[in-house]
Amino acid sequence: MPKGFESKLVVAISSRALFNLDESHRVYESEGLNAYQSYQIDHENEILEPGEAFGIVERLLQLNNYLDDARVEVILLSRNSADTGLRVFNSIEHYGLNISRAAFSGGESPYRYVSAFGCHLFLSTNAEDVRRALDNGVAAATLLSRSKKSQPVSNRELRFAFDGDAVIFSDEAEQVFKRDGLEAFTASEVAAANTPLSGGPFKNFLAALNALQRELSDDDPPIRIALVTARSAPTHKRVIQTLRNWNIRIDESLFLGGLDKGEFLAAYGADVFFDDQPGHCASASEHVSTGHVPHGIANKVDD
């Protein structure tokens, strides 16, 4: 991690996740790179509309208002060049977002800078960039567009929601379920109830988020964390014991036993939900901002 970032929660965000760049992306796809570059330069003084992750980033940065020292850093990572990316920074300045560091990779994937900046989380709309970040040990998710847009809620805590297996935890238990079925999965998890699960791709981000949460006021905490899992009793015990072993606190835990997660996420009021299973993500994205984590057996492609 870069010097000076050791005590910070560092989140990387792609320009297309932060702002709505659909129109300029259509120009790129239909007319090519040169037309795209001209379009961005011609429109660089036109402010971009917020993207799917804008509210999350805005409220992450607002957490610094609760701390003596700024502990949350947001890094912009973009496939633009600095020239075509000027419109993005003009928009950042317009909205008053405290983002000062960026990497413009000139058409190449910016994933390699995720580790260089010491990021705990990378949010993007580019699935390939997300996979590469995950392969390099960084929590990453592909943000999906919500089918039902809702107005942001002001003066409320930032609410994260996480799936368990293959997100917070490894997919070791999910592999048993996929291979041998529910009965074998249940028997295996009951037998291993007191054996902590291995960490998944989001363990380090969750730990950093929890460490930040512990520094904030318990009276009116600005961060809330929920586990939303398809598990149910008796397989819940191993999850609880694992989190205790890691010394990680979860504010709310929903053990849904296979029920659809969308309505529960809406009831919780999640600002963003992370899940490895495409079907669960599609359902959740009807209600809340959702990040697909392309990790584990659910995302294996057969040869």
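1. F177 counts as partly exposed, at 36% relative accessibility. This is a predicted model.

2. A second pair joins F202 and F205. Here the centres are 6.2 Å apart and the planes are at 85°, so this pair is also edge-to-face. Both residues are buried: F202 has a relative accessible area of 0%, and F205 has 1%.

3. F202 and F205 belong to a cluster linked by ring pairs.

4. Now the backbone. Most residues other than glycine have a negative phi, and most peptide bonds are trans. Check the bond between A233 and P234: it is cis, with omega about 10°. P234 sits in the loop between β7 (223-229) and α11 (236-246).

5. A166 is not a glycine, yet its phi is positive, about 75°. The residue lies in the loop between β6 (158-162) and α8 (172-180). A166 is buried, with a relative accessible area of 0%.

6. N247 also has a positive phi, near 60°, and is a residue other than glycine. Its place is the loop between α11 and β8 (252-255). Is N247 buried or exposed? At 56% relative accessibility, N247 counts as exposed, whereas A166 is buried.

Key. Residues are numbered from 1 along each chain as its sequence is written. This is a predicted model: local features need pLDDT of at least 70, side-chain atom pairs count only at pLDDT 80 or more; totals for chains, interfaces and linings use all residues. Side-chain values use heavy atoms; hydrogens and water are left out. Buried means under 20% relative accessible area, exposed over 50%, partly exposed in between (1.4 Å probe, protein chains only). Rings of Phe, Tyr and Trp (its six-membered ring) pair if their centres lie within 6.5 Å; planes under 30 degrees apart count as stacked, over 60 as edge-to-face and the rest as tilted. Helices (H or I, at least four residues) and strands (E, at least two) are DSSP runs, numbered from the N terminus.
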